[in-house]
Amino acid sequence: MSDSIKHECGIVLIRLLKPLQYYCDKYGTPLYAHNKLYLLMQKQHNRGQDGAGVASIKFDLPPGMQYVDRFRSNTSSAISEIFSSINEKFEEAKENNASDFTNAAWLKTNVPFSGELFLGHLRYGTYGGNSIESCHPFLRQNNWRTRNLVVAGNFNLTNVDELFQQLIDLGQHPREKADTITVMEKIGHFLDEENDRLYNEFKDKGYSQEKISSLIADTINVETILKNASKKWDGGYAMVGLIGHGDAFVFRDPNGIRPTFYYQDEEVVVVASERPAIQTVFNVPIGSVKELTPGCALIIKKNGDTAEKQIISQKEKKSCSFERIYFSRGNDKDIYTERKKLGYNLTDKVLRAVDGDIKNTVFSYIPNTAEVAFLGLVEGVQNHLDKQNAEKIAALSINNTLSGIQELLSIKPRVEKIAIKDVKLRTFITQDNKRDDMVAHVYDTTYGLVRNHIDNLVVLDDSIVRGTTLKQSIIRILDRLHPKKIVIVSSAPQIRYPDCYGIDMARLGDFIAFQAVITLVKKSGKENFLQEVYAFAKQQQHLPKEEIINPIQKIYDLFSYEEVGKQIAELLKPVDLKAELEICYQTVDGLHAACPNHTGDWYFTGNYPTPGGNRVANLSFIYYMEGNKARAY
């Protein structure tokens, strides 16, 4: 998308189901899991560029030896830094102890990350700083192996304040309020309770304390821990946890907001945020990769037993549709098909915008992620032409010449690469009066393809969030090509509401769609209605989140979808623009037709899948009316 926003994180889990020596013998290297983990993280690097982290657990080490390893980085090349550091230890081992390099027992006691259980995380920071302390995985340490906990995830919870207070009520004194820490301590509390329960049970049966430790490891109930810990969670999440003795889990929210996929064979269990990453790295067909059922946890016991367990009752599935539009990489079979359909569904709107004049229209797209949707749009235009030409040919008389038919068939969609992002350019100038001019040069244009004041120029974008880059850069550079009309096409509907499940879209006033509807309210003299909605929002501010309704929908209901779209075009039109400008948006119906199995559309419709979403929307509107720049979650 032309607007830069931060969004979903990425997760990876690898559990080796055979002894480590098996992989050393079969693959000739102790780095089998490391290489797979590296590839899975690289294949999902689109999901996080603010930092990365890796953790590993070694099974059955004697007391006094480190069995949990972790390395995190917040550099621009975090994945490379992490694996370079890990591999450096193995290279040293190979150089100094070549005979032991494939000896699993020696490696486990001498080289970090020589484990059987691995966790990788890619971070996009939607909230908070980008310090190393913000990078996952997080670690909760204890002298008892079964009380050690490593947590990472792709999630945002809407009710962190409520969960934080619950920890205080339990007698804890949390060191910070971040949702990751809050979740980890919540799971950790019930992990401790399960340990205490089992300890007392085995003690009453007369077992020694040393024996009790191994008995707890064998019988600890991860399913119960997660059920108790997650009772009050509100949000979207794919949570990964490793317990020090070797159990592991991956837990998905009951609405299936966050994507989670897994694959298992006789050698490995692997979990990732994106299906094609697993397909590519393990060279397996699409049918071998399963989607984790919403509300379920994939629990992998230390003995290798693996099963999905229902933790929370599954609710209406509301998987994030932005995953399909933009976030996930487009090499997933279903996502590729859906993106093409998104573009195809815009055909009629685009043809109306150019008055059906395909001959004098150039079609292009920005940015590269919009390419697949663009293919669908071009296919739709071509199908329209084919139908039109067939009707014209059928109407021709026998006396028409071959040249006349050839001329008719020569009209095809003119597809060109109009704008190319200059990845070398950095806008270091920060003064407002100079920055806009610098931003206008972020893209290079291809000259000579658009005929001056004759051709329309249609450019497809993934979505339009704030519109800043469009107004300050893209529309200006397109206007330099002197088209008669510029048509910006969004494969996503109008983004109208804040997101609170992971995407960095927290402030209502930042959205160009909301700016447009407020402008329409003022133009129509309905400012008093805004005050009425504000009063209503204030009245329900302190209600339980389950009783709050989204007040912002009342404002959008005043105007048609097309009216808001036209006002967006007015707001984004530079004052010195010479060409005519029109903006075409995908409809919500068009989105659902293209992505029928991923109906999470709250940023477009305001229909939040959890009560916390309405609470965030309500607070976001209050903050807007009060001029408060704080985030609503």
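Tutor: Buried means under 20% relative accessible area. Keep that cut-off in hand for this predicted model.

Student: Is Cys135 buried or exposed?

Tutor: The cut-off for buried is under 20%. Cys135 falls under that limit, so it counts as buried, with a relative accessibility of 0%.

Student: How far is the sulfur of Cys135 from the closest cysteine sulfur?

Tutor: A disulfide needs two cysteine sulfur atoms within 2.5 Å. The closest cysteine sulfur to that of Cys135 is in Cys9. That is too far for a bond, because the distance is 9.7 Å.

Student: What about Cys584: which cysteine has the nearest sulfur?

Tutor: Cys584 is buried, at 4% relative accessibility. Cys584 is in no disulfide. The nearest sulfur is 19 Å away and belongs to Cys595.

Student: How many disulfides does the count come to?

Tutor: A disulfide is a covalent bond between the sulfur atoms of two cysteines. The rule asks for a pair of sulfur atoms within 2.5 Å. By this rule the count is zero.

Student: What is the strand order in the open sheet of seven strands?

Tutor: The pairing in this sheet is antiparallel. Its edge strands, strand 3 and strand 11, each pair on one side only. Read across, the order is 3-2-4-1-10-9-11.

Student: Which residue in strand 11 is the bridge partner of Tyr262?

Tutor: Strand 9 covers residues 261-264 and runs antiparallel to strand 11. Two bridges join these strands. The partner of Tyr262 is Lys290.

Student: At what angle does helix 2 run to strand 1?

Tutor: Helix 2 lies across strand 1, strand 2, strand 4 and strand 10. Its angle to strand 1 is about 160°.

Student: Which strands does helix 3 touch, where it packs on the sheet?

Tutor: The direction of helix 3 makes about 30° with that of strand 2. The strands touched by helix 3 are strand 2, strand 3 and strand 4.

Student: Is helix 2 roughly parallel or antiparallel to helix 3?

Tutor: Their axes come within 11 Å and cross at roughly 170°. Angles over 145 degrees count as roughly antiparallel. Therefore helix 2 and helix 3 are roughly antiparallel.

Student: Which residue does a cis peptide bond join to Pro137?

Tutor: Most peptide bonds are trans. Pro137 lies in the loop between strand 4 and strand 5. Omega is about 0° for this cis bond, and the residue joined to Pro137 is His136.

Student: What is omega for the peptide bond from Ile366 to Pro367?

Tutor: Pro367 is in the loop between strand 14 and helix 13. The bond from Ile366 is cis, with omega near -5°.

Student: Is Asp60 buried or exposed?

Tutor: Asp60 is in the loop between strand 2 and strand 3. Its phi is positive, near 60°, in a residue other than glycine. The cut-off for exposed is over 50%. Asp60 has a relative accessible area of 53%, so it is exposed.

Student: What is phi for Phe113?

Tutor: Phe113 sits in the loop between helix 4 and strand 4. Phe113 is buried, at 6% relative accessibility. Though not a glycine, Phe113 has a positive phi of about 65°.

Methods. Residues numbered from 1 in each chain as written. Predicted model: local features only at pLDDT ≥ 70, side-chain atom pairs only at ≥ 80, totals over all residues. Heavy atoms only, no water. Helix = DSSP H or I, 4+ residues; strand = E, 2+ residues; numbered from the N terminus. Buried < 20%, exposed > 50% of the residue type's maximum accessible area, 1.4 Å probe, protein only. Axes fitted to C-alpha atoms, helices over the stretch in contact; angles between N-to-C directions. Parallel < 35°, antiparallel > 145°, perpendicular 65-115°, else oblique. Pairing = 2+ DSSP bridges. Contact = heavy atoms within 4.5 Å.
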